[in-house]
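Please open the structure in a viewer and keep the selection tool at hand.

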Amino acid sequence: MKVAVIGSGYVGLVTGACFTLKKHEVVLVDVVKEKVDKINKGILPIYEPGLDEIVKEALEEKLLKATTDYKEALENADMVFIAVPTPSKEDGSLDVKYIEQVASQIAETLEGLKPRKLLLVMKSTVLPGTTENIFKEIIINKVSEEWKGKLSFAMNPEFLREGIAVEDFLNPDRVVIGIEDDYGKDLLSKLYLDFVNEDKILITPIKVAELIKYASNAFLAMKISFANEIGNLSKSLGIDVYQVMDGVGMDKRIGRAFLNAGLGFGGSCFPKDVSALLNFGRGLGHKMLLLDATLQINKEQPKKLVDLALKRYGSLKDKEIVVLGLAFKPNTDDIRESKAIELIKLLLDEGIKAVHTYDPAAMENAKKYLSNNKIKYHATLENALSSAEIVFIATEWQEFKNEDLYEGKEVFDGRRVIEGKKAKYYEGICW
Ligand code: UDX
């Protein structure tokens, strides 16, 4: 099939590229010409394991191209996926400005094309009602009567984790397809049956699909905050919460995944999606207590690690401190809502003399965001570690897991990276 994908970020680029694995022809649209030109040369704006090879092969087979031109993307498309950002507003509510812009742009483009059956699929994470009452509404109100009768709308949320997005696309637990008519159901089922068995495809109304995405992320975030709440309790009892969660997770109704206590959740999804759902629910008169607590617990975790050091040293004023890790999780360069960044800010608030930091992938991004002259970005892990005795571990990069690195160090571990066998002093945030 011929597929257009509007937005070539983490979701659009991975999704579009993976469609070409089954010989579908994909046109990616992005507003940033530089990004478009680079993709067409096989130079990707993001790093995802396996994506490079997929894009290169797709370009060679002429199955993939990027463009800034909506007409070029839509004129032959069987379906159009919308995968643009849906960021948070200051108050944590959802900002749909890009969805609205894309809807207008699609409507204007369609006016220049001969009306034909066309499926428009929302893939961006949007609150229940957005696809039909905002995205569809804008388009239907702008296009001709003839187009009105030809357009179908659907919603197909993504469940991709950064750093493993290709794997998650190719091995999904489920493909959720929210539809309003059989046209959307038949076309999307046909597309995804190239990738999964029928038993993994869940057909729902559009609003259900929108809420499945938010409820899934909110539940995963809640699991993490639950692990941290039990972790904080365990810490005060001298109990290892990882052993507790190993036992809890053996219950197949619960599952061990996403019960790792630590600094809490960051990234471009969980904080944003939980806040958006919380605000949305409150706007409808619901207290949303569980989501509120999930965010509260998450907010307080980094300070717990700083408090351990304050308890040991009395004060951190004028101390030099190593912070290992800047990315919000390993195997990505992404620092959005990173707990490591929050931790560094808290340490600076304590009047420390310097933070010596290292991250295998995220330093360039962090430098744009953290320019305090007390922060020393080191080119190697060894250089950072040799700069001070007190070490905070904030991201669980594989290369941080060597116990020998911490010989003679005083370590405060936020991510269960080591056991502290060689450290002069070791303490974990919740263990
Ligand atoms: C998440 C969802 O997993 C994915 O399904 C959705 O499509 C997008 O949002 P992502 O944000 O890329 O993916 O990362 P994820 O691996 O889920 O981790 C999110 C955050 O939770 C990270 O900061 C991670 O450190 C933290 N985390 C994860 C924990 O603190 N404990 C855990 O047990 C698991």
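Which residue forms a salt bridge with Glu145? Select Glu145 together with Lys148: these two residues form the salt bridge, and their closest N and O atoms are 3.3 Å apart. The model on display is a predicted one. Both residues belong to helix H7, which covers residues 145-148, and because they are 3 residues apart there, about one helical turn separates them. Glu145 counts as exposed, at 62% relative accessibility, whereas Lys148 counts as partly exposed, at 27%.

The structure holds 31 salt bridges. Next, select Lys136 and Glu180, whose side chains meet in a salt bridge with an N to O distance of 2.7 Å. Lys136 is partly exposed, with 24% relative accessibility. Glu180 is likewise classed as partly exposed, at 32%.

Move on to Lys424 and Glu410, where the side chains form a salt bridge of 3.9 Å, N to O. Here, too, the pair links distant parts of the chain, 14 residues apart: Glu410 is in strand E13, and Lys424 is in the loop between strand E13 (410-413) and strand E14 (425-428). Glu410 counts as buried, because its relative accessibility is 6% and the limit for that class is under 20%.

**The ligand and its surroundings**

Select the ligand and display the residues around it. The ligand is surrounded by 19 residues, and the closest are Leu160, Glu162, Lys213, Gly266 and Lys329. Helix H10 provides the largest share of this shell, with 3 residues.

- Asn260: one of its backbone N or O atoms lies 3.0 Å from an oxygen atom of the ligand.
- Phe328: a polar backbone atom of this residue is 3.0 Å from an oxygen atom of the ligand.
- Lys329: an N or O atom in its side chain is 3.0 Å from an oxygen atom of the ligand.

Taken alone, the ligand exposes 650 Å², of which the protein buries 92%.

**Asp334**

Is Asp334 buried or exposed? Asp334 counts as buried, at 5% relative accessibility. Its position is in the loop between strand E9 (320-324) and helix H14 (339-349). Select Arg336 as well, and a polar contact of 2.7 Å between the side chains of Asp334 and Arg336 can be located. Apart from neighbours within four places in sequence, the residues in contact with Asp334 are Tyr10, Glu162, Ala327, Phe328 and Asn365.

**A nonpolar patch and a strand**

Turn to the surface and select Leu233, Leu237 and Ile239, which form a nonpolar patch with about 280 Å² of accessible area together. Ile239 is in the loop between helix H10 (206-237) and helix H11 (241-249). With a relative accessible area of 38%, Ile239 is partly exposed.

Then select Ile203, located in strand E8 (residues 201-205). Ile203 is partly exposed as well, with a relative accessible area of 33%. Beyond its neighbours within four places in sequence, Ile203 contacts Ile177, Ile179, Lys185 and Ser189. A distance may also be drawn to Asn228: the C-alpha atoms of Ile203 and Asn228 are separated by 35 Å, and the two residues are 25 positions apart along the chain.

Most residues other than glycine have a negative phi. Which phi value does Lys23 have? Although it is not a glycine, Lys23 has a positive phi of about 70°. Lys23 is in the loop between helix H1 (10-19) and strand E2 (25-29), and its relative accessible area of 48% makes it partly exposed. As a last stop, select Asp318, in the loop between helix H13 (289-313) and strand E9. Asp318, also not a glycine, has a positive phi of about 65°.

Note on methods: Residues numbered from 1 in each chain as written. Predicted model: local features only at pLDDT ≥ 70, side-chain atom pairs only at ≥ 80, totals over all residues. Heavy atoms only, no water. Patch = residues over 30% accessible without salt bridge, like charges linked within 9 Å, V, L, I, M, F, W, Y side chains within 5 Å. Areas by Shrake-Rupley, 256 points an atom, 1.4 Å probe, with all protein chains shown as cover. Salt bridge = Lys/Arg side-chain N within 4 Å of Asp/Glu carboxyl O. Helix = DSSP H or I, 4+ residues; strand = E, 2+ residues; numbered from the N terminus. Buried < 20%, exposed > 50% of the residue type's maximum accessible area, 1.4 Å probe, protein only. Polar contact = N/O pair within 3.5 Å; in protein donor to acceptor, adjacent residues only side chain to side chain. Contact = heavy atoms within 4.5 Å. Near = heavy atom within 4 Å.
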